Amino acid sequence: MIFADFYGPPSLFASTMVPLQEGIARVFKARAEDIVLRRVEVDSDYPATEIWIELSSDEQLVRHGKELAQTVTRIVQGAIPGDVWVLFRVVPLRYVYLNGEPRARGMATLE
């Protein structure tokens, strides 16, 4: 699963959700259904759109960051002109748990 948080108007989220999922998936050579895009509601008059994409390593950022930023920007600006910030969170798999179980491959447990 790849998580992305969308900060922007609900109408823009609705019109770009599927294209964003497909575009992010294409960069990672993943399935669109493996991309979880969530709209985060905030109180702000700031007109730009922000998309935060969660990665599991600095290597992913180096390999895919620029292409992700260009893809996401093109999709959002295709729906509405304006500034688009694409930002990244790097959360190593050793810090990720699903239902209490570690998600890192081949990692020893903490027990």
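Analyst: There is a kink of about 50° at Thr16 in H1, shortly before the proline Pro19. The bend at a residue is the angle between axes fitted to the seven residues ending there and the seven starting there. This is a predicted model: local features need pLDDT of at least 70, side-chain atom pairs count only at pLDDT 80 or more, and totals for chains, interfaces and linings use all residues. Residues are numbered from 1 along each chain as its sequence is written, and side-chain values use heavy atoms, leaving out hydrogens and water.

User: How many residues does H1 have, and what does it reach end to end?

Analyst: H1 covers residues 10-28, so 19 residues, and reaches 26 Å from first C-alpha to last. The expected span is 27 Å at 1.5 Å a residue, taken as 1.5 Å times one less than the number of residues.

User: Which residues of H1 are buried?

Analyst: Among them are Leu12, Phe13, Thr16, Leu20, Ile24 and Phe28. Buried means under 20% relative accessible area with a 1.4 Å probe, protein chains only.

User: And what covers them?

Analyst: The cover includes strands S1 (2-7), S2 (35-39) and S3 (49-55), plus helix H2 (58-79). Contact means heavy atoms within 4.5 Å.

User: What follows H1?

Analyst: Lys29, with a positive phi near 55°.

User: Switching topic. In what order do the elements run?

Analyst: From the N terminus, β-α-β-β-α-β-β-β. Helices (H or I, at least four residues) and strands (E, at least two) are DSSP runs, numbered from the N terminus.

Terms used: Buried < 20%, exposed > 50% of the residue type's maximum accessible area, 1.4 Å probe, protein only.
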